[in-house]
Amino acid sequence: MSQHLKLAKSSIFLHDANLHKCPLLVRPCFYYWRNTVNQRCQVIRSSVEGCYTTRDSTKTTYYEAEVWDGEQLNTCPHVQTLRQFPRELLSGKIVMVRFDSTPFLREALDYNTPLIKSALFSIKYLLHHGAKVLIVSDWGRPKDSTQLLSAEIVADKLSSALQLKVVPANWVSVNSQFKMEEVEISDVLLFENLSKFKEERANSSMFAEKLSSGVDIFVNDTFSQSHKVLASTVGVSRYCYASIAGFCFEKQLEELVEIGGGNLHDKVKALEFLASKCDGLVFVGMMAFQIMHGLGLPVRLNLVELSAVGSSLKIIQIARGRNIPILLPKDFWCTNMCNRDELRTFTANDILDGWEPVDLGPVSLDEISSLLTNCKKILWIGPVRFMLSRPDTHGASKLATMVETSSRRGCDVTVVGNAACKAIAETSSALSLYSLHENASVVWEFLKGRTLPGIAALDRAYPFDIDWKSIFRDPTLPLIVDIGSGNGLFIFGMARIQPDVNLLGLEINKKVVKRCLDFLQESGLKNSYFIATNATSTFRSIVSSYPGKLVLVSIQCPNPDFNRPEYRWRMLQTLLIEAIAGLLATEGKVFIQSDVEAVAVRMRDQFMKYSESKLAILKDETDTKIDSRGWIEENPFGVQSDWERHVIERGDPMYRLMISKID
């Protein structure tokens, strides 16, 4: 690995600091922003009854994308969260929670730490709203032991933390699923240690199906494992009808979205992005020598990684282009290569041959201390160490003390990485002042713009409130929604013959949606619109905000590969059926059709099973011909979808059905 990638692991980001007094450091690198319009949507825990509320005077949320170099930063998909999920759908459901038990197994446990409070609140929130909770987790071995902790010990610790009865279940080894009587005798059921199963790390489909047997809803509350493909974070989402993020997961994701993300191909790209937003740069550590070399200052060549020169020049170019200052360390503690016990301080550009830097010098630390006094927000990623760092120079502990002083002054501090968290834990008397993320790998994967499997496996939520007045001329008209609208032929045809209704197409293919929107603009139709989304998980959040009545939902020719496990998420799912049945106006209709009879039968049966008796099949519609098997012979609207037209032209039958909302 090249030097510049190694050194990028220690970073502190500072926000809303004074321009002339508070620069940005790299290794550790401090990033800060002036006040921005897109402030963080603050999530406040009010009570179990009140769930989570939001407070944001700018009416913006973390879902909004920043723009850099002309590209939207879409690292963070818009995931469904427990906070957004309808509470009434939790009652009586079996909910599996992927839980991070590691913080709860430490000797010194601070219940006031924000992430611990959020993790506990997820469990209590589910129980309060009538769910049965099953915890799955992995944990290591205690110090000075070669044996993993038993599930009984972990259950006792979690019982103490939750003030609830947590009962261990040993079903994974012997049974195909947990026993319902085990759920009834406990507040919370704890599964076996996932560390014991190689199938967990292999994301075995059979193991994931076994793990989720009997489970209705999956809640992922372990963000630190999001960069891994695990059966308990990715695989189980195929077998649960809803996969959502818990309060702890949401909080950690929200914090990272504030930093940035997007198409960042490596850590240097992440630094370039952050440099494009900050008000100053201060480089500390080995990376400082890279920048010195790029600026033409005298530096010993053995302190420079030549493969990183181009990256250093790019960062310098960004800083100069934005006319922001670049500051560098004044001095370093160095060790004698012939006598490791001998330490001396040298000015940054005058380190003698035979001496190697091991820590920041006192002058540099004083400058950092002065810098921190003006900061409003800090993100510290990684350890404060050099290639030959030694503990007796105390750079990390001194920095941790400075950060604690800032946090007590009201500065918002987030710490990422085992070494950085350890430094904070050793010097701080109040860990509740910080947001701690021990796994730095997931943070860097996020900053590099890579898709995190643990996030991708969750259901999507539509990211923002829709301004219906800007979409439709009259947003109070009845609404028709076409799920899987494809090329939009059905929407366009209906819009022309029914000008007194509004039509909305929900289609997962973004390119197709763009073409449809372009055509709408050219055609001048004002009663139609298209949204690129996965309607299975976003239908409720989109349609529930519409001012008028939902009178028709059409689902035409969905993907027929419903028997293959890897395609299960493409099927018509329970969550979507419940949303349609709940939002449809009385006597509103659901129109389903497919050119594969088995698919049409499957859709019909699912609507009847999961609509909670709110829907019934229409069999006596006027002017509607129904064959002997109950299928509608002709399209009742006289408007064909693009695939229906293709099927009719080749002479094959369509299997159609109309379902109605009953009072």
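Which residues is Val403 in contact with, leaving aside its neighbours within four places in sequence? They are Leu372, Trp380, Val413, Ile424 and Tyr434, where contact means heavy atoms within 4.5 Å. Before going on, a word on what you're looking at: this is a predicted model, in which local features need pLDDT of at least 70, side-chain atom pairs count only at pLDDT 80 or more, and totals for chains, interfaces and linings use all residues. Residues are numbered from 1 along each chain as its sequence is written, and side-chain values use heavy atoms, with hydrogens and water left out.

Val403 belongs to the largest nonpolar core, a set of 45 residues. A nonpolar core here is a set of buried Ala, Val, Leu, Ile, Met, Phe, Trp, Tyr and Cys residues joined through side-chain atoms within 4.5 Å. Buried means under 20% relative accessible area, exposed over 50%, and partly exposed in between, using a 1.4 Å probe and protein chains only. Along with Val403, the members that touch the most others are Phe283, Phe289, Leu372, Trp380 and Val415. Helix H10 gives this core its largest share, six residues. (Helices are DSSP runs of H or I with at least four residues, strands are E runs with at least two, and both are numbered from the N terminus.) Apart from this core lies another one, of 39 residues, including Phe99, Leu120, Phe121 and Ala161. In soluble globular proteins, nonpolar side chains tend to be buried together.

Now for the charged side chains. A salt bridge is a side-chain nitrogen of Lys or Arg within 4 Å of a carboxyl oxygen of Asp or Glu, and by that rule there are 15 of them. Take Glu356 and Arg300, whose closest N and O atoms are 3.2 Å apart. This pair ties together distant parts of the chain, 56 residues apart: Glu356 sits in strand E17 (residues 355–360), and Arg300 in the loop between helix H10 (286–294) and H11. Glu356 counts as buried because its relative accessibility is 13%, and Arg300 is buried too, at 16%.

Glu192 also pairs up, meeting Lys196 in a salt bridge at 3.0 Å, N to O. Glu192 is at 5% relative accessibility, so it counts as buried. What about Arg604 and Asp605? Their salt bridge has its closest N and O atoms 3.3 Å apart, with Arg604 partly exposed at 22% and Asp605 partly exposed at 40%. Elsewhere, salt bridges with shared partners join Arg98, Asp138 and Glu200 into one network.
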